[in-house]
Amino acid sequence: MLAHRIVASVLQPGEMAVDATVGNGHDTLFLARQVGPQGHVYGFDVQEEALARTRRRLEEAGLHERVTLLRMGHEHMAKAVPVAWHGRIGAVMFNLGYLPGGSDRSCITRPQTTVPALEAALRLLRPGGVLTVVAYRGHPGGAEEAEAVRRWAETLDPDRFVAARYAFCNRHRPAPELFVVVRGVAG
Ligand SMILES: C[S@@+](CC[C@H](N)C(=O)[O-])C[C@H]1O[C@@H](n2cnc3c(N)ncnc32)[C@H](O)[C@@H]1O
């Protein structure tokens with residue numbers, strides 16, 4: 001997965017990372033492996049179903065002690081992540097939309113909370129840290145949310161952040177998009 005490759009090139013063993021939408025736990029597990037035994041991951045989701053699946057996945061891999069799972073909207077991440085780590089997070093990952101295989105497809109991420117969460121995530125990043133957002137246009141509300149993320153990314157100060165948008169061209173349609181924001185090392 002492209003987002004994993006990008007994060008893997010930035011996130012170092014011993015660092016802290018955030019999974020803003022744990023869902024089925026694939027990204028959480030990836031981040032837990034990446035930060036290693038000395039690092040830590042904070043994971044957010046509003047659904048207990050998602051947290052339970054993720055907890056099970058982490059336990060099966062023996063990596064649950066590296067992860068703090070919180071049933072909390074990602075828009076509150078700045079309150080949940082210890083202040084000592086603000087500005088020191090290596091990577092934050094968002095994977096928007098609904099929980100695949102979940103019982104409630106109406107529980108989706110929404111621009112009203114996603115955009116404040118993206119703002120909060122940027123403030124947590126260390127210099128050189130990376131934020132990734134996978135946005136889907138196929139479900140109701142998905143296209144509007146992807147547009148909101150694009151508009152938000154376009155407002156970022158180019159002297160402080162590099163913001164890019166990848167459009168997948170050989171996957172299901174409408175194709176998901178990957179937004180990548182890297183904090184400049186001086187900014
Ligand atoms: C596409 S899934 C994430 C998939 C996940 N990254 C994985 O690897 O399996 C999106 C998740 O966002 C969650 N979600 C919806 N609103 C949220 C919010 N405000 N804060 C955090 N998570 C939210 C949903 O419950 C759902 O589990």
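Is Glu 154 buried or exposed, and what is its relative accessible area? Glu 154 is exposed, with a relative accessible area of 56%; the classes are buried (under 20% relative accessible area), exposed (over 50%) and partly exposed in between, with a 1.4 Å probe and protein chains only.

## Basis of the model

The structure is a predicted model, in which local features need pLDDT of at least 70 and side-chain atom pairs count only at pLDDT 80 or more, while totals for chains, interfaces and linings use all residues. Residues are numbered from 1 along each chain as its sequence is written, and side-chain values use heavy atoms, with hydrogens and water left out.

## Salt bridges

The structure holds 8 salt bridges, a salt bridge being a side-chain nitrogen of Lys or Arg within 4 Å of a carboxyl oxygen of Asp or Glu. Glu 154 takes part in one of them with Arg 150, the closest N and O atoms being 2.7 Å apart. Because Arg 150 and Glu 154 are 4 residues apart in helix α6, about one helical turn separates them. Helices (H or I, at least four residues) and strands (E, at least two) are DSSP runs, numbered from the N terminus. A salt bridge also joins the side chains of Arg 53 and Glu 49, at 3.2 Å from N to O. Both residues belong to helix α3 (residues 48–61) and are 4 residues apart, about one turn of the helix. Glu 49 is partly exposed, at 27% relative accessibility.

Arg 137 and Glu 177 form a further salt bridge through their side chains (3.2 Å, N to O). This pair links distant parts of the chain, 40 residues apart: Arg 137 is in the loop between β5 and α6, and Glu 177 is in strand β7 (residues 177–183). Arg 137 is partly exposed at 24% relative accessible area, whereas Glu 177 is buried at 7%. A network of salt bridges links Arg 137, Glu 147, Arg 150, Glu 154, Arg 165 and Glu 177.

Glu 145 is buried yet has no salt bridge, and the nearest side chain of opposite charge, that of Arg 110, is 8.1 Å away; Lys and Arg count as positive and Asp and Glu as negative, with His and the chain ends not counted. Residues up to four places away in sequence aside, Glu 145 touches Leu 96, Gly 97, Thr 109, Arg 110, Pro 111 and Thr 114, contact meaning heavy atoms within 4.5 Å.

Asp 45, in strand β2 (residues 40–45), is likewise buried and has no salt bridge; its nearest side chain of opposite charge, Arg 71, is 7.3 Å away. A polar atom of the Asp 45 side chain lies 3.0 Å from the backbone nitrogen of Gly 23. Beyond four places in sequence, the contacts of Asp 45 include Thr 21, Val 22, Ala 50, Leu 70 and Met 72.

## Ligand surroundings

The ligand is surrounded by 24 residues, and Asp 45 is among the closest, together with Asn 24, Asp 27, Gln 47 and His 74; a residue is near a molecule if one of its heavy atoms lies within 4 Å of it.

A polar backbone atom of Asn 24 is 2.9 Å from an oxygen atom of the ligand. For His 74, a backbone N or O atom lies 2.9 Å from a nitrogen atom of the ligand. The protein covers 95% of the 610 Å² of accessible area that the ligand has on its own, as computed by the Shrake-Rupley method with a 1.4 Å probe; for residues, only the protein chains shown count as cover.

Note on methods. Polar contact = N/O pair within 3.5 Å; in protein donor to acceptor, adjacent residues only side chain to side chain.
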